[in-house]
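Student: I would like to go through one model and ask what stands behind each label. Please set the values against the definitions.

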Amino acid sequence: MPGWRLCAFQFRQESRDMRTVQLRLRPRLVYPPPMKISLLGSCLCATVVLASLSCSMAQATDEGFVPIFDGKTLQGWHPSAQTGHSAASRHQSGGKWVVVDGAITGSQDIPGNGGILITDAQFHDYEIVLEMNNDFGPDSGLFLRSTEDGTAYQAMIDYHPNGNLMGVYGEGKLGGKPALMNFTFTDKVTVIIPQTNSPVALPVLPQSWPFFWRHGQWNELRARIVHNPPTITTWINGVKFMEWTETEKRHPDAGGIALQVHGGGDYTKQFVRYRNLRVKKLDHTTQ
């Protein structure tokens, strides 16, 4: 349409805990006054500047995070069959771990046999962020400072009936201490029951859960562990769900980061999926 120009942009900011920002443009056609065609260039320049600012804000929140999964291979990771979850194979295999569509995908390799996939590298104080899209059924977990036999502080990913997300559990030789959670699932992934044995109250209304947590889509999980005795903090989709401090030193200062497929049952045809795993190492000046 000659003689017309795009102007009067409407901007809307969509942000989840200020980590991602999108600027949406809603154009309106306006007939330009004489000799004002150059304003189109000014509007477009302003759009470019604002879009660049949006990208810079998103990048700033990720400053210092380094990928620990290349999206194509399991380089830098290895399975361990030393945990109690690998008893069905007599500790010969640690479950089945492959990369599918850019995600680490885990399942039992034979009925009842799970294990962990653990980083080759050791980590001390750090924050880890990842995206998760698991089937509702398998029991998984994010192991912090894990040993090869699976002793770790676990950020829970028990995505099944009576399970929990991002509570804190003492795995392996830590003997199930602590065992903290502020909700449990019912037999429906869309319905949760608040729990009261947690130092952090459930931060979302139970009736809002189906909107806050998007089953069948990618959701963000985050955990931080610092000091020893450690303080552990977890988040779901940018909302803090747990913060807890150990009272005594019961575990090494460093260990691997591990993902779990639980033993027992038959979960050879259901899967856990993780992608975009990134770590930011911390020290006492950044905590």
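**Labels and their criteria**

Tutor: Met166 is found in strand 13; strands (E, at least two residues) are DSSP runs, numbered from the N terminus. This is a predicted model, in which local features need pLDDT of at least 70 and side-chain atom pairs count only at pLDDT 80 or more, while totals for chains, interfaces and linings use all residues. Residues are numbered from 1 along each chain as its sequence is written, and side-chain values use heavy atoms, with hydrogens and water left out.

Student: What makes His91 buried, exposed or partly exposed?

Tutor: His91 has 40% relative accessibility and therefore counts as partly exposed. His91 lies in the loop between strand 6 and strand 7 (96-100), and its phi, near 60 degrees, is also positive.

Student: How do you know which strands stand at the edges of the sheet?

Tutor: Two strands pair if DSSP finds at least two bridges between them. Seven strands form an open sheet in the order 6-9-20-11-12-13-14, with antiparallel pairing. Strand 6 and strand 14 (179-180) each have a single partner strand, so one side of each is left without a neighbour in the sheet.

Student: What makes strand 9 a partner of strand 6 and of strand 20?

Tutor: Strand 6 (residues 77-80) and strand 9 are joined by four bridges in the antiparallel sense. Strand 9 and strand 20 (residues 256-261) also pair antiparallel, over four bridges. Ile118 stands opposite His78, and in strand 20 its bridge partner is Ala258.

Student: Why is strand 9 described as mostly covered?

Tutor: Five of the five residues of strand 9 (115-119) are buried. Gly115, Leu117 and Thr119 point one way, Ile116 and Ile118 the other.

Student: What makes a set of residues a nonpolar core?

Tutor: The set consists of buried Ala, Val, Leu, Ile, Met, Phe, Trp, Tyr and Cys residues joined through side-chain atoms within 4.5 Å. The largest such core has 47 residues; Ile128, Leu142, Leu165 and Trp209 have the most contacts inside it. Apart from it lies another core of five residues, among them Ile118, Phe143, Ala152 and Ala258.

Key. Buried < 20%, exposed > 50% of the residue type's maximum accessible area, 1.4 Å probe, protein only.
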